[in-house]
Amino acid sequence: MENPSYLALSHQSALRRQMETVANNLANTNTTGYRGERLLFAQYLTPKAGNPGIGGDGAQKLAFVEGIGTYRDTRPGQAIKTDAPLDMMINGNAYFVVETPVGPRYTRDGNFRLDNTGRIVNTEGFALLDRNNRPITVNPNEPSIEITKQGDVINGTNNVGRVRLVSFVDDQALTRLGGGLYASTQDPVPADARAEIHQGILEGSNVVSVTELTQMLDITRRYESAQRIIDSEHDRARRAIDRLARVA
C-alpha cells in the first residue's frame with residue numbers, strides 16, 4: 001500500500017472515533033446532568049513506506065493522526081424547572097455523592113426520589129449521602145421537604161442532614177459510568193462554599209444538538225474525501241499494473 005493510502009486510512013480511523021463521540025453526545029442530548037465529550041488527537045511519526053530494491057532516505061517520516069482520549073466539556077447545562085421537591089441542581093463545580101455496592105460514586109444528575117424506606121435515592125436506587133457519608137432518610141408521612149441552598153434537608157421541622165457536595169482537582173480524570181455516575185481514583189475534597197443547591201430544578205445536558213449535527217456533517221465530508229484518496233490510489237496502482245503487464 002502506498003503512503004497516501006496509509007495517511008488516508010489513518011485519517012478515517014480517527015474520524016470514525018470522532019463520529020462515535022459525536023453520536024454519543026447526540027444520544028444524550030436530553031440526559032439530565034450529561035456533559036458532552038470531545039476527542040483528543042495527537043500526531044505520531046513513522047518511516048515512509050519504501051519500495052523493495054530501491055534506496056531512499058530512511059530518515060523521512062510520515063505524520064499520522066491518532067485519537068488518544070477524550071476530554072469532558074465541564075460547562076453547566078441548562079436549568080430545567082420541575083418544582084419536584086427532590087429534584088436538585090448544583091450551581092457550581094461540585095458533584096453529589098451516592099452510595100453503590102462498589103463504593104461511593106459521583107453525579108451531577110439531581111433527579112432524586114424516595115424509596116420505600118424513606119431514603120432519598122437516584123433513578124438507579126442508590127442512596128444520596130450526607131456530609132457524614134450516611135444515607136439521607138426522611139419521614140414519608142411528612143409531606144414537607146425543603147432543601148436549602150447550603151444542602152440542608154428540612155423534613156417538616158426536622159433537619160435530617162446536609163447533602164454532601166464534593167469536587168476534584170482534575171475533573172477530566174473522572175471515569176464516566178452508566179446512569180450518569182462517575183468514578184474516581186482521586187480523593188474528593190469538599191466543594192467550594194460558593195456551590196449551591198437549587199430545589200425543584202434539574203440540570204439538563206450541556207450538549208447543543210445543532211453544533212453536534214454540524215460536526216457530524218463535517219466528519220462525513222472529511223471521511224468521504226479520504227475515501228476518494230484511497231480510491232484514486234487504488235485506480236493508479238491498477239493502471240500501473242496493467243501497463244507493466246502489457247510491457248512484459
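1. Buried denotes a relative accessible area under 20%, exposed one over 50%, and partly exposed the range in between, with a 1.4 Å probe and protein chains only. By this criterion D83 counts as exposed, at 55% relative accessibility. The model is a predicted one, in which local features need pLDDT of at least 70 and side-chain atom pairs count only at pLDDT 80 or more, while totals for chains, interfaces and linings use all residues. Residues are numbered from 1 along each chain as its sequence is written, and side-chain values use heavy atoms, with hydrogens and water left out.

2. Overall composition. The chain contains two helices and 18 strands; these are DSSP runs numbered from the N terminus, with helices being H or I of at least four residues and strands E of at least two. Of its 248 residues, 38% count as buried. The chain exposes about 14,300 Å², of which carbon and sulfur atoms supply 51%; accessible areas come from the Shrake-Rupley method with a 1.4 Å probe, and for residues only the protein chains shown count as cover. Among contacts (heavy atoms within 4.5 Å) with a separation of 6 or more, 65% are between residues 24 or more positions apart.

3. The three-stranded sheet. Strands β10, β11 and β12 form an open sheet in that order, with antiparallel pairing; two strands pair if DSSP finds at least two bridges between them. Its edge strands, β10 (145-147) and β12 (158-162), each pair on one side only. The twist from one strand to the next averages 20°, where axes are lines fitted to C-alpha atoms and angles run from 0 to 180 degrees between N-to-C directions. Strand β11 (residues 152-155) is joined to β12 by four bridges, and I154 stands opposite N159 in β12.

4. Positive phi values. Most residues other than glycine have a negative phi. D83, although not a glycine, has a positive phi of about 65°, and its place is in the loop between β3 (79-81) and β4 (88-91). N133 is likewise a residue other than glycine with a positive phi, near 60°. N133 is found in the loop between β9 (127-128) and β10, and is partly exposed with a relative accessible area of 40%.

5. Q199, in strand β17 (residues 196-199), is partly exposed at 27% relative accessibility. Q199 and D83 are 116 residues apart in sequence, yet their C-alpha atoms are 7.4 Å apart. Neighbours within four places aside, Q199 is in contact with P85, D87, I145, E146 and I147. I80 lies in strand β3 and is partly exposed, with a relative accessible area of 40%. I80 and G204 are 124 residues apart in sequence and 6.4 Å apart from C-alpha to C-alpha. With the same exclusion of sequence neighbours, the contacts of I80 are G200, I201, L202 and G204.

6. The largest pocket. This pocket holds about 310 Å³ of space. A pocket is an open set of points on a 1 Å grid over the protein atoms alone, where a 1.4 Å probe fits, with protein on both sides within 12 Å along at least five of seven lines; lining residues have an atom within 4 Å of a point. Its lining comprises 15 residues, of which R131, R162, V163, L165 and A191 lie nearest the centre. Two or more lining residues come from each of β13 (165-167) and β16 (189-190).

Methods: Grid points are joined across faces, edges and corners, and a volume is the space filled by probe spheres set on the points.
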